[in-house]
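Let's take a friendly walk through a protein model together. Have the sequence and the 3D view ready, and look up each part as we come to it.

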Amino acid sequence: MPSKHRFLLATWTFSGIGTSSSFIKPPGIPIRTVSPPRPLLLLYSSSSESPNKRGHKRRGASEARGDECLLIPVANPNFDSNATSLSGVPYARVISGIDALYPPYELSNRNAISRTDGYWKYVARGELPQSEFTYGEFDIDFFGILLDKSWEHYLDGMSDRGRQHEGSELSPWKNKTFCDIGSGAGRLVLCAAALHPAWKLCRGLEILDGLHNMSKSIADRCVVNDDEECGVIDGDSRHVLRILPANSDAIPCASEHLPLAPIELTCGSFTNPYEYLGDIDCAFVFSSCMKPDLVEELSVAIGRQCKPGTIIITTEFPLYLKGNIEPLADDESMPHGHYELQLLEKINGFCWLLGGESTAYIHRVITSLWEEYSGPRKPPQSSLEEEAFKLVQLMEKGELTDTNAFLRRVRNDMIFHDLPQEFLPDIE
Ligand SMILES: C[S@@+](CC[C@H](N)C(=O)[O-])C[C@H]1O[C@@H](n2cnc3c(N)ncnc32)[C@H](O)[C@@H]1O
């Protein structure tokens, strides 16, 4: 394929990702650039030998797939190879371990899995694919910087009493819970767990089950076997990040691993009010592909469930800082009311997928319905008859105003649950 076509195909592949002027820029927020922007860096290659910027030879990739186009991530040219996280973990070691689990030359495969679940099903039925299902991977070094900055903000938000209460527990993110909301193949969940091994838990929440399944099998590869000589592992964690020695295919020896905080991966959607978010202390959302409606739904989910003080990082789009959460029609016990978030900082950093630069927004939850939500909840169980009755009531009252929108939601749900084509309702 001519290189020009490869470039166009690459651009099209990620056309859902990109900065947009459709959000309102909040005033008075200092912008910091942690690394200078770079030009568009979507690289395609069919060469099997040239190493990428992290020194990975793309061996096997083109041998396996002939002249197929490959997306090759590009490392931050300003990356400081001696940098460590606030917990003292060298970024370079984390990147090396993560690249071994998520080879950069296989990004196209991971992207293809997300398309199977979240893209082609729409295209095949002549519907507009949802841009929010576009899979991409955020840069580890910028992500690490954001976690460190968020820890400083988290501490600032703690009262003196809270600090005294935590006492010696006050090392970075110790005993706190992280969640990557929209965790894809779980890469950032493992990164967070490696950069700060003292987390109580690193969680991932992903809507697409193909990617979720992939994340589970990759995390399983980090589990320490009983007979494995991997040195002493801290705390309760059963996971380690194994680091391959440079230029070697050897099985990693005892010292070549990083401890990982405990990991939990869930398949679900933050738009489901019963998907629990109330345990989170810091969340990251690679929201660059989300439309304003979905960013609003994300803000509502956070305002409904996250405790005051929780730090939320988003990319390209800030959250809606204030709002009123409406009652839930089918569940009177679901809390409703006002929420408020504070935008703390806006930071630009390197992200190859966005053409060199991404803008991240760090928020703090100020007021929420966390207390009323009070722990994980289950949806009220109603029988099929009750569900049908409610629908008929709505239709009779003329409150099921947009039957097409309703049917489209039902249809999309059915598609996601892989129901046979003949069950799908026709929609205009
Ligand atoms: C750009 S990818 C980010 C993957 C990963 N966080 C990373 O940076 O490497 C965004 C992910 O969010 C997922 N997603 C979109 N809407 C979601 C929702 N409502 N609930 C959970 N995940 C969602 C998509 O399926 C996709 O895997």
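## Getting started

Two residues are in contact if their C-beta atoms, placed from the backbone, lie within 7 Å. Helices (H or I, at least four residues) and strands (E, at least two) are DSSP runs, numbered from the N terminus. Residues are numbered from 1 along each chain as its sequence is written. This is a predicted model, in which local features need pLDDT of at least 70 and side-chain atom pairs count only at pLDDT 80 or more, while totals for chains, interfaces and linings use all residues.

## The whole chain

The protein chain holds 13 helices and 13 strands. How many of its 428 residues count as buried? The share is 36%, where buried means that 20 or more other C-beta atoms lie within 10 Å of the residue's own, exposed means 12 or fewer, and partly exposed is in between, with C-beta atoms placed from the backbone. Among contacts in the protein chain with a separation of 6 or more, 72% come from residues 24 or more positions apart.

## Helix α3 and its partner α8

Find helix α3, residues 91-101. Its residues Val 94, Gly 97, Ile 98 and Leu 101 meet Arg 187, Leu 190, Cys 191, Ala 194 and Leu 195 in α8. The residues of this contact divide into 7 nonpolar, 1 polar and 1 charged. Here Ala, Val, Leu, Ile, Met, Phe, Trp, Tyr, Cys and Pro count as nonpolar, Asp, Glu, Lys and Arg as charged, and the others, Gly among them, as polar. An α-helix has 3.6 residues a turn, so residues three or four places apart point the same way.

How do the two helices lie? The angle between α3 and α8 is about 150 degrees, and their axes are 10 Å apart. Axes are lines fitted to C-alpha atoms, for helices over the stretch in contact, and angles run from 0 to 180 degrees between N-to-C directions. α3 and α8 are therefore roughly antiparallel to each other; angles over 145 degrees count as roughly antiparallel, those under 35 as roughly parallel, 65 to 115 as roughly perpendicular and the rest as oblique. The crossing of α3 and α8 is right-handed, a word used if the near helix is turned clockwise from the far one by less than a right angle, with left-handed for anticlockwise.

Which residues make the contact between α3 and α6? With an angle of about 130 degrees and axes 10 Å apart, α3 and α6 are therefore oblique to each other. Tyr 91, Val 94, Ile 95 and Ile 98 of α3 make the contact with Ile 140, Asp 141 and Gly 144 of α6. By class, that gives 5 nonpolar, 1 polar and 1 charged residues.

The helices α6 and α8 also pack against each other, at an angle of about 55 degrees with axes 11 Å apart. They are therefore oblique to each other, and their crossing is right-handed. Ile 140, Phe 143, Gly 144 and Leu 147 in α6 meet Leu 188, Cys 191, Ala 192 and Leu 195 in α8. This contact has 7 nonpolar residues, 1 polar and no charged.

Back in α3, the buried residues are Tyr 91, Val 94, Ile 95, Ser 96, Gly 97, Ile 98 and Asp 99. Their cover includes α6, α8, β6 (240-242) and β7 (257-259).

## Around the ligand

Which residues come nearest to the ligand? Of the 25 residues around the ligand, they are Phe 138, Gly 182, Gly 184, Ile 207 and Ser 269; a residue is near a molecule if its C-beta atom, placed from the backbone, lies within 6 Å of it. The elements that give two or more residues to this shell are α4 (107-118), α8 (187-195) and β5 (201-206). By class, the shell has 11 nonpolar, 9 polar and 5 charged residues.

## Some loop residues

Ser 131 sits in the loop between α5 (120-124) and α6 (140-157). Is Ser 131 buried or partly exposed? Ser 131 is partly exposed, because 17 other C-beta atoms lie within 10 Å. Its C-alpha atom is 6.7 Å from that of Met 290, 159 residues apart along the chain.

Asn 175 is in the loop between α7 and β4. Its phi is near 65 degrees, a positive value in a residue other than glycine. Most residues other than glycine have a negative phi. Ser 374, in the loop between α11 (370-373) and α12 (384-396), also has a positive phi, near 40 degrees. Ser 374 counts as exposed because it has 10 C-beta neighbours inside 10 Å.
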